[in-house]
Amino acid sequence: MNDFSELETELKKLRPRSVSPDLNARIEVSLAEEAMGRGTATAGVLPKQSRFRLNWFALGLGLAAAATFLILARVNVDRPSKSTGLAMLTPAPITPAAKAVDSFVPSAMTQVLYDTKDEGLHFTDGQNEPMRRLRSRKRETVQWKNPQTGASLRVSYPTEEVTLVPISGQ
Amino acid sequence: MEDVVTHEEDWKSCFAELGPGLVLFARQFVRSIADAEDIVQDAFVRFWRKQHSVNDKGLLYATVRSVALDLLRRDARRARREASASADMEQTTEPQFDFDDGSQRALAAAIDLLPVEQREVLVMKIWNELTFAEIASALAISQNTAASRYRYALAALKKNFVVHE
C-alpha cells in the first residue's frame, strides 16, 4: 500500500533547524514569572498536585457578607429590646408596681418649659371673680436607675399645665 | 524552591525534545523563524502553566496552531503579508531545515509548495511523529481527513520532488 516509503525515509532525513538558545531563555523567563506569581507549573511530567488556589472573588464575597452581618448585629445590639422599652414606659415610676420592676429607682427628673400662654380671664364655676388662665407647655424627663446592674432607663414625655390665677382686686 | 528546580529541568528536557518540531510546525503559518519562535514560546508557556499532560500532543499542537492563527488574525496587515509570502514562498522563506545536500534542499522547496493544510499534517506526522488520531485532535478534523491530507501531501511532494530533481 505504501508506495511512499522511500519518500518518507527521505523526508525523515531532513532535520528541522534547532531552536535558538534565545527561545529557551525566553521560555525560562516566562515560566519563572509564572512560578513566582502562581506557583510552579508542571505539564504532566510530574503528577498533578492539587494545590490551594485562592479564589479572590469568593474571599471578597465572604468578607462583604461578614461585614454586613456585623453591621446588622451591631444595630440590633444598640437598639433597646421591645420588651424592656414597653415595660419601662409606664409613666408611674414611683408607684409600688414600678418598684417591683427589678429594683429600678428614680434617679433624676427634669422639666423644660417651652412656653406659657395667657388665655385671658375666665369665670369658673362657683367663683364670683374671674381668674386668669395660663397654659404652660413643658417636657418632663424622668430617669430610673438600677443600682445593682447600673442599667438606666429614661422616659421623656410632653406635658401641658393649666394654671388659674386669681385676680387681685384693685 | 527545590520543586522549581525540578520542574525547570522537566520543561527543559521536554522542550529540548519537542522544541524543534514545534517551531517547524509554527513555521507552516508564518514565514520567519522569529515569528515561529514567538508563537512557540507563547503556546508552550500557556500549555505548561495549565498543567496539561505532555503526552497530549494533540492539545500541544492545537495550542501552537491556535496561537499562530490568533497572531495572524490580530494583525491583518501581517496576515496579508503572510498570504503574499505563501504565494511567493521560495523568495522570502527562511530555510526550515538544515541541509546536507542539494537533494534535500529541493525536497524542502517541494514541501514549501504544498498547501498549508497538507503541510501541517505532514510536519506533525513526519517530524513530530504524531499519530493520525493526535493530528485529528490537533486540527479538529477526522482521522480519515488527516490521513487523506497526508497522502495527498506525499503524492504532491513526490510529483514536485521528481520535477525538481
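Guide: Happy to! Let us start with a pair of strands: strand β1 (residues 15-16) of chain A and β1(B) run antiparallel, joined by two bridges. Strands count as paired here if DSSP finds at least two bridges between them. Arg15(A) has Asp98(B), in β1(B), as its bridge partner. The names come from DSSP runs numbered from the N terminus, with helices being H or I of at least four residues and strands E of at least two.

A word on the source: this is a predicted model, in which local features need pLDDT of at least 70 and side-chain atom pairs count only at pLDDT 80 or more, while totals for chains, interfaces and linings use all residues. Residues are numbered from 1 along each chain as its sequence is written, and chains are lettered from A and ligands numbered from 1 in the order in which they are written.

Now the wider meeting place. In total, 30 residues of chain A are in contact with 36 residues of chain B, contact being C-beta atoms, placed from the backbone, that lie within 7 Å. On the chain B side, the elements that give two or more residues are α1 (2-26), α2 (33-49), β1 (97-98), α6 (102-112) and α9 (143-164). The largest share of that side, twelve residues, belongs to α1(B). By type, the chain B side holds 20 nonpolar, ten polar and six charged residues; Ala, Val, Leu, Ile, Met, Phe, Trp, Tyr, Cys and Pro count as nonpolar, Asp, Glu, Lys and Arg as charged, and the others, Gly among them, as polar.

Elsewhere in chain A there is another antiparallel pair, β2(A) with strand β3 (residues 131-145), joined by 14 bridges. Within this pair, Gln111(A) stands opposite Glu140(A).

Finally, how far to trust chain A? Its average pLDDT, the predictor's confidence in each residue from 0 to 100, is 74, and 69% of its residues score at least 70. Please be careful with residues 44-52 of chain A, where pLDDT stays under 50 and the model has 13 contacts beyond four places in sequence. Residues 83-90 of chain A also stay under 50, with six such contacts.

Definitions and conventions. Contact = placed C-beta atoms within 7 Å.
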